[in-house]
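Here's a walk through one model, written for someone who likes cut-offs spelled out. Have the viewer open while you read.

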Amino acid sequence: MKQKATFITLEGIDGSGKSTIIKHLSKLLKSEKANYLITREPGGSAFGNKLRKLILSSSHIKHPLTHPLLFYAARAEHIEMTIKPALSQGTMVICDRFHDASHAYQAVHHNLDKHLKTLDQWIVADIQPDLTLFLDAPVELCFKRIAKRRKLDTFDQQDKTFYESVRSRYLARAHNDPERIKIIDASQSIAQVCHACYHAIQPWL
Ligand code: ADP
Ligand code: TYD
C-alpha cells in the first residue's frame, strides 16, 4: 500500500511569523516543483471558513467547551474535505496551526486537557502531523510585530499573561514530543527562521 504523504504543521503564538514563513517556504517548494498544499486553521474548507468567521468574531461565550468544540468542528471538516484527500493523493500538506493550537490556547483558562485528548482521539485520529515546527519567540516581540495589525500600540497585562501561558503550553508539548515538534527560534531574522524551517522539512521532501 502507498504510504501517505507528509503532513507538516506550523505553530506559534500570534505574530510569531507563521504566515510569513509559510509564504517563503511555499516559494522554495514551488521552485523545486514539489507537490504540496498550503492550508490553515481555523478554516481550510468551505464550511471551515464559515466557522472561522464565526469563531473569530464570537464573544460572550459562557460554556468552556463551546469554543473548543467549534474549533474541532472546523477541524473535522478540514480533515475530511482537504487534508485526507490531499495526503491520499500523495500531496504534502503544510498547515498553519492544527490540534496543538487547541491544546495551547483553549486549555489555558479551564482544565480541558482530558476533553481535548478525547476530541483528538475522535476527530484527529490517525491524521497526526509527521512534523510540527513551533515558531518560538518572546511574547513582547510577537506583540510588537502585530501591533499595527491590531491597531494597538500596547497589549494589556491580561493579554500578556494569556500569551505567556499559551507559549508555555506549546513549549511543554514540544518537550513531551521532541520527535515530532521541533522548536524554531523565531526571534531571528525572517531569512534565518526560513532556513531553519526548510532544514527541518528537508528530510521529508
Ligand atoms: P503569524 O502568522 O504567526 O501571526 P505573521 O507571519 O503574520 O505572524 O507575522 C507578523 C508580522 O511580523 C508581519 O508583519 C511580518 O512581516 C513580521 N515578521 C514575521 N517574522 C518575522 C521575523 N522573523 N523578523 C521580523 N519580522 C517578522
Ligand atoms: P490565526 O489566523 O492563525 O492567527 P495569527 O495569524 O495571528 O496567528 O488564528 C486565529 C486565532 O485562533 C489565533 O489567535 C489562535 C486561535 N486558535 C485557537 O485558539 N485554537 C485553535 O485550535 C486554532 C486552530 C486557532
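## Ground rules

This is a predicted model: local features need pLDDT of at least 70, side-chain atom pairs count only at pLDDT 80 or more, and totals for chains, interfaces and linings use all residues. Residues are numbered from 1 along each chain as its sequence is written, chains are lettered from A and ligands numbered from 1 in the order in which they are written, and side-chain values use heavy atoms, with hydrogens and water left out.

## Fold and overall shape

The protein has eight helices and five strands. Both kinds of element are DSSP runs numbered from the N terminus: helices are H or I with at least four residues, strands are E with at least two. Going along the sequence, you get β-α-β-α-α-β-α-α-β-α-α-β-α.

The C-alpha trace spans about 50 × 40 × 30 Å along its principal axes. The radius of gyration is 17 Å, which agrees with the value near 17 Å that a compact globule of 205 residues would have. That radius is taken over C-alpha atoms, and the globule rule is 2.2 Å times the number of residues to the power 0.38. Ser31 belongs to helix 1 and is exposed, at 56% relative accessible area.

## Packing and surface

Of the 205 residues, 46% are buried. Here buried means under 20% relative accessible area, exposed means over 50%, and partly exposed is in between (1.4 Å probe, protein chains only). Take the contacts with a separation of 6 or more, and 81% of them come from residues 24 or more positions apart; a contact means heavy atoms within 4.5 Å.

The protein exposes about 11400 Å², and carbon and sulfur atoms supply 55% of that. The areas come from the Shrake-Rupley method with a 1.4 Å probe, and for residues only the protein chains shown count as cover.

## Charges and salt bridges

There are 29 positive and 21 negative side chains, and the centres of the two sets lie 5 Å apart. Lys and Arg count as positive, Asp and Glu as negative, with His and the chain ends not counted; each charge is placed at NZ of Lys, CZ of Arg, CG of Asp or CD of Glu. Searching the whole structure turns up 10 salt bridges, meaning a side-chain nitrogen of Lys or Arg within 4 Å of a carboxyl oxygen of Asp or Glu.

Asp14 and Arg97 make one of them, at 3.5 Å from N to O. Asp14 is in the loop between strand 1 (7–11) and helix 1 (18–31), and Arg97 is in the loop between strand 3 (92–96) and helix 4 (99–105), so this pair ties together parts that are 83 residues apart in sequence. Both Asp14 and Arg97 are buried. Arg75 and Glu41 pair up at 2.6 Å, N to O. This pair also links distant parts of the chain, with Arg75 in helix 3 (residues 66–88) and Glu41 in the loop between strand 2 (36–40) and helix 2 (46–56), 34 residues apart. Arg75 is buried at 2% relative accessible area, and Glu41 is buried at 6%.

What about a bridge inside one helix? Lys84 and Glu80 both lie in helix 3, four residues apart, or about one turn. Their closest N and O atoms are 2.9 Å apart. Lys84 is partly exposed at 35% relative accessibility, and Glu80 is partly exposed at 45%. There's a network of salt bridges too, linking Asp100, Arg173, Asp177 and Arg180.

Most residues other than glycine have a negative phi, and most peptide bonds are trans. Glu41 and Pro42 are joined by a cis peptide bond, with omega about -10 degrees. Pro42 is in the loop between strand 2 and helix 2.

Two non-glycine residues with positive phi are worth a look. His60, with phi near 55 degrees, is in the loop between helix 2 and helix 3 and is exposed at 80% relative accessible area. Arg97, from the salt bridge with Asp14, has phi near 80 degrees and is buried at 13% relative accessibility.
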